[in-house]
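This report describes how selected elements of one model are arranged. Please consult the sequence and the structure shown below.

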Amino acid sequence: MSDEFMLDTDDLERRMEGAIASLRTEFASLRTGRASASMLEPVMVDAYGALTPINQVGTVNVPEPRMVTVNVWDKGLVGKVEKAIRESGLGINPQLNGTIIMLPIPELNEERRRELTKVAGTYAENARVAIRNVRRDGMDRIKKADISEDDAKFWEGAVQELTDTFIKRVDTSLDTKQEEIMQV
């Protein structure tokens, strides 16, 4: 192997890990019929003249499997938080109890479950594309390097092996998420 050329596989791995982290975040926002505090992460509240994440205006808790509560710190924001949740498209109907907003999570019907598995599949495909783009960058660096054909094959194999590992992780995450969504 040539001493001059060293492909930064740690950088490629870090970038692929970023695609996996992004996928996890997207999966967390998908409703599965089970309560999760992360399902409210995309909800922004018009508080104090700026759009603010819901977890910065109140405490989000999951007291039971089918219930999320938001304990709003400022009484003046309760109505705005309720409105933000209602208009978020989550399909949850908030119930007020003083400064606590209760969000009962309804059962998902079969049709909605199938839609969510398709959305999960789209998220997974986006992650695969991101991983393949990182692989392409690595392969381009190898092609541009002035190295022997054997060295090039070695590095291409290393990049492909890394890519296959991360694609497998995406597929495993997708299978797990789809099972979770389809679980009644």
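Are α1 and α4 roughly parallel or roughly antiparallel to each other? The model is predicted: local features need pLDDT of at least 70, side-chain atom pairs count only at pLDDT 80 or more, and totals for chains, interfaces and linings use all residues. Residues are numbered from 1 along each chain as its sequence is written, and side-chain values use heavy atoms, without hydrogens and water.

Helix α1 (residues 9–28) packs against helix α4 (residues 149–182) at about 10 degrees, their axes being 11 Å apart. The two helices are therefore roughly parallel to each other (angles under 35 degrees). Axes are lines fitted to C-alpha atoms, for helices over the stretch in contact, and angles run from 0 to 180 degrees between N-to-C directions. Helices (H or I, at least four residues) and strands (E, at least two) are DSSP runs, numbered from the N terminus.

Contact means heavy atoms within 4.5 Å. Among the residues of α1 that meet α4 are L12, M16 and F27, and those of α4 include W155, L162 and F166.

Four strands form an open antiparallel sheet in the order β3-β4-β6-β5, where pairing requires at least two DSSP bridges. Because β3 and β5 stand at the edges with a single partner strand each, one side of each lacks a neighbour in the sheet. The twist averages 25 degrees from one strand to the next.

| Strand | Residues |
|---|---|
| β3 | residues 58–64 |
| β5 | residues 95–97 |
| β6 | residues 100–104 |

Strands β5 and β6 pair over three bridges, and N97 has I100 in β6 as its bridge partner. Helix α2 (residues 78–86) packs on the sheet, touching β4, β5 and β6, and its direction makes about 15 degrees with that of β6.

Conventions
Angles under 35 degrees count as roughly parallel, over 145 as roughly antiparallel, 65 to 115 as roughly perpendicular and the rest as oblique.
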